Amino acid sequence: MAEALQHVRWGIVGPGGIAHRFAEQLPHSATGRLVAVASRDAERARAFAAEFESEPGGIRIHESYDALFADPDVDAVYISTVHTQHVRLTIQALDAGKHVVCEKPLSIDHAGAMAVVEAARRNGRYLAEAYMYRFHPQIVRLAELIADGAIGEVQHVDASFAFRADLPAEHRLMNPELAGGGILDVGGYPVSAARWVAGAAIGERFADPVSLTAKGEVGDTGVDEWATASLVFASGITAHVTCGVRLEDDNRIVVAGSKGRIVVPQPWIPSPTEPSYLELSRTDGTETISIEPAWQYALQADAVAEYAAQGQSPNIGWADSLGNARVLDQWRAAIGLEYPFEAATANIPPASGHAPRTRADATMRYGRIPGLDKDVSRLVMGVDNQTTLGHASAMFDDFVERGGNAFDTAYIYGGGSMERLLGQWVVNRGLRDDVVIIGKGAHTPHCDPESIVRQLDETLERLQTDHLDLYLMHRDNEQIPVGEFVDVLDEQTRAGRIRAFGGSNWSIQRYEEALAYADANGKQRFSALSDHFGLAHALDVPWAGCRHVTDVEDREWLERTGTTLLPWSSQARGFFARADRADTSDAELVRCYYSDDNFERLARARQLAAELGVAPTAIALAYVLAQTFPTFPLFGPRSIEETRTSMAGLDVTLTDEQVRWLDLRA
């Protein structure tokens, strides 16, 4: 991370109304000074500079955002463009070595916020979403009162930020192409306040709701004109939040507790020169708590200098912004608001603004799968839990930048939606020749030769491609002679619709029969097996029809034959991340992995992880990669953070002795 700063030279990107507020208050900062401004409209930039420069030539004018990012005399950037540009510009600024405060919302969705946070982490720079109200002393005091039990146990929060504006359809707030509407413009304020209060009540910085229900009005313009949502937190605290661009409201925060309530009359934009106040009401009366005036935008700017080394402020950190973005996603989904550029068939651009490419610091390893004439990343990303094209694009772009090129999906995943998302992303990025697509079909009860052909037709259409690099039968049907499966797979290979094939959840006996039949009849052989394998030995499998090869004799067969294995659940479905003998709440984890030997393996993984400075999950992955037979582990991260932590296993090289010790063989 960067060093702490004494002085911060600021550049502003997008000199609009809210940038004016920032620039007006920046002179009251103890550390900040405005030195540059950039706009696509040079005249607008010149007018802005003339308004705020304290001495002639004091504010440089850049006619492009890139020029400002390249300015060596700018330390930090305040980004205040339209919502849809936030992610791209923030990542570009971070990649240029600048600290960034970005106007809210940090991203139009959680997916983009993940990409931005990863860029801040990667570059070692400060990043904050510009919820300036979090820095005002009245909000800090509110959290202190709640934590001190001033109103007993917090029970409910009401928070609103809504206004009525008669705007033309082309205005950014009315334009769905610019992510207009109330939820993204002002809805984040009450949501973030509710999460802040719910966190303070349990001694945390924030809390995330466990459920959300909502109502709202999507107008003729295609944006939300008003919306409300009800949140429930794990602690039992509830919240009601309101926002709107065509709805007047009180715009306040009310926190109700078992012994009273606190009202914040002006939570979002209090006067910087007049005291603000909190109303504390209890059975013994009402107390007005006066709060000294403060320049909250200036305090927000000073946080960059104070927390540059940490990369984030405790007032609004990365995890807080990610949680807020997730709730806003849920709120929009609950009222049926999807912007045109979010459609599953849209050409969603990369978050960074350029096509994904492997970074110089990527540590991915590669290998070859028989039958494929291209390198395959040793880690294979599972395409089975992406929620939207935006989410998929962020996850897949990040994986490619880390050196990944192999993706595993299946005909049944998401009822076909996972294949469609992967296919659309590949088309959008133009990467078909650069990626390895592993598809699966013939899942029970449609595990027969006819279903293979029928499903493959549909799979190729969904993926918008003419071939799969590797096709795996998702299950085996031992009622059908193995030769019938080999014959149809060989036919599809000769037709060019698949390059290589194999079996997922096949027994070793049936796999060997398939090889023998292919050799005896001049057919193409199975190239790979995809069964469960990992450091934790399976006691059972999570789904009917699954197979594992974790027994001693299974591993010995793999070593003897050199069979290429694409193991699923190589990290044992979270066993190495969260298993605890005393915790039996996850019945599947208990049934499949809870044994004395596996807990000893976990203890050894934790010991080695502590010695090497990585997580136990990284040790579990490194174990699979260290086998003497070829392995290409499948993993299914749901967030970029999970991708990053999982891939730490690539940086661990285990010796033969360590591998044997981890597996209780030494």
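Is Gly222 buried, partly exposed or exposed? Gly222 is partly exposed, because its relative accessible area is 24%, which lies between the 20% limit for buried and the 50% limit for exposed. Please keep in mind that this is a predicted model.

**Around Gly222**

Let us stay with this glycine for a moment. Gly222 sits in the loop that runs between strand S8 (209-218) and strand S9 (224-233). Once its neighbours within four places in sequence are set aside, Gly222 is in contact with Pro176 and Leu337. Pro340 is another residue to look at: 118 residues separate Gly222 and Pro340 in sequence, while their C-alpha atoms are 9.1 Å apart in space.

**Two threonines**

Strand S9 also holds Thr228. Thr228 counts as buried because its relative accessibility is 18%, and the limit for that class is under 20%. If residues up to four places away in sequence are not counted, Thr228 touches Thr213, Ala214, Lys215, His240, Val241, Thr242 and Trp331.

Thr283 is placed in the loop between strand S13 (276-282) and strand S14 (285-291). With a relative accessibility of 84%, Thr283 counts as exposed, since that class begins over 50%. Thr283 and Arg261 are 22 residues apart along the sequence, and their C-alpha atoms are 9.9 Å apart in space.

**The chain as a whole**

Stepping back, the chain has 21 helices and 23 strands. Its radius of gyration is 28 Å, close to the 26 Å that the globule rule gives for 666 residues, so the chain is as compact as a globular protein of that length. The C-alpha trace spans about 90 × 60 × 50 Å along the principal axes.

How much of the chain counts as buried? The share is 59% of the 666 residues. As for the surface, the chain exposes about 26100 Å², and carbon and sulfur atoms supply 47% of that area. Among contacts in the chain with a separation of 6 or more, 72% are between residues 24 or more positions apart.

**Enclosed space**

How many cavities of 30 Å³ or more does a search of the whole structure find? The search finds two, and they are set out here.

| Cavity | Volume | Nonpolar lining residues | Polar lining residues | Charged lining residues |
|---|---|---|---|---|
| Second largest cavity | about 30 Å³ | four | four | one |

For the largest cavity, the lining consists of Pro105, Leu106, Ser107, Ala113, Glu129, Ser321, Asn324 and Ala325. Which element gives the largest share of this lining? That is helix H9 (residues 318-334), which contributes three residues to the lining of the largest cavity.

The second largest cavity has Tyr411, Gly439, Lys440, Gly441, Gln455, Leu456, Thr459, Leu468 and Tyr471 around it as lining. Here at least two lining residues come from each of strand S19 (436-441), helix H12 (449-463) and strand S20 (468-473).

Definitions and conventions. Residues numbered from 1 in each chain as written. Predicted model: local features only at pLDDT ≥ 70, side-chain atom pairs only at ≥ 80, totals over all residues. Heavy atoms only, no water. 1 Å grid on protein atoms, 1.4 Å probe; cavity = no way out; pocket = protein on both sides within 12 Å on 5 of 7 lines; lining within 4 Å. Points joined across faces, edges and corners; volume = space filled by probe spheres on them. Helix = DSSP H or I, 4+ residues; strand = E, 2+ residues; numbered from the N terminus. Nonpolar A, V, L, I, M, F, W, Y, C, P; charged D, E, K, R; others polar. Rg over C-alpha atoms; globule rule 2.2 N^0.38 Å. Buried < 20%, exposed > 50% of the residue type's maximum accessible area, 1.4 Å probe, protein only. Contact = heavy atoms within 4.5 Å. Areas by Shrake-Rupley, 256 points an atom, 1.4 Å probe, with all protein chains shown as cover.
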